[in-house]
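Here's a quick walk through a helical model, written for someone who likes angles and distances. Have a look at the fold before reading on.

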Amino acid sequence: MSSGELKAVQAALAAEHAAVYGYGVVGGKIGRARQGEARSAYDAHRARRDRLVRTVLDLGGEPTAAAAGYALPFQVTDSGSAERLAAELEERVAGVYSDLVRASEGDRRGAAAEALREAAVRAVRWRGESVAFPGLAERTAAAGPSATPHT
């Protein structure tokens, strides 16, 4: 185990804390038709968070604690904005798990890849569209203009 791996596990734990908080907001505003989906995602993030706490302890670290509150990327006022927040939460979690996939190996890498896949699938369901490389969209946006040739 490298210090980079522990750092990536801690980052995944912090992202799961934020997702659990965020889904609390989503659950308060989501429409009736998608309440079950929101609850299922909330439960999935809580379970992953709990597994990551155990992983950090197994690696000899002190688990990152949840914050009392988290800044939301935008105001959530209705079902539509709750759906957008859920998609954003999943995309952020996917990005952190992509880092953990790179930093780990063996069973931990497999678990991180599974978490990345699940977050990407949930993001697509919430948003209604997909991205080519889940978890990497924010890196591409931060990099600046597209490297795609113009014809």
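Predicted model: local features only at pLDDT ≥ 70, side-chain atom pairs only at ≥ 80, totals over all residues.

**Helix packing**

Two packed helices are described by the angle between their axes and the distance between the axes. Here are both values for the two pairs discussed below.

| Helix pair | Angle between axes | Distance between axes |
|---|---|---|
| α1 (residues 3–29) and α3 (residues 79–103) | about 170° | 9 Å |
| α2 (residues 35–58) and α3 | about 25° | 13 Å |

Take α1 and α3 to begin with: they pack at about 170°. Angles over 145 degrees count as roughly antiparallel, so α1 is roughly antiparallel to α3. What sort of residues make up the contact of α1 with α3? They divide into 19 nonpolar, 3 polar and 5 charged.

Now for α2 and α3, which pack at about 25° with their axes 13 Å apart. The cut-off for roughly parallel is under 35 degrees, so α2 ends up roughly parallel to α3. Which residues make this contact? From α2 come A41, H45, R48 and L52, while α3 supplies E90, V93 and Y97. Sorted by type, the residues of the contact of α2 with α3 give 4 nonpolar, 1 polar and 2 charged. As for handedness, the crossing of α2 and α3 is left-handed.

**Two residues in the α1–α2 loop**

The loop between α1 and α2 holds R34, and A33 lies in the loop between α1 and α2 too. Is R34 buried or exposed? Its relative accessibility is 18%, and buried means under 20%, so R34 counts as buried. Setting aside neighbours within four places in sequence, R34 is in contact with E83, R125 and W126. E83, one of those partners, falls within the residue range of α3, 79–103.

A33 is another story: its relative accessible area is 81%, so A33 is exposed.

Notes: Residues numbered from 1 in each chain as written. Heavy atoms only, no water. Axes fitted to C-alpha atoms, helices over the stretch in contact; angles between N-to-C directions. Helix = DSSP H or I, 4+ residues; strand = E, 2+ residues; numbered from the N terminus. Parallel < 35°, antiparallel > 145°, perpendicular 65-115°, else oblique. Nonpolar A, V, L, I, M, F, W, Y, C, P; charged D, E, K, R; others polar. Left-handed = near helix turned anticlockwise from the far one by under 90°. Contact = heavy atoms within 4.5 Å. Buried < 20%, exposed > 50% of the residue type's maximum accessible area, 1.4 Å probe, protein only.
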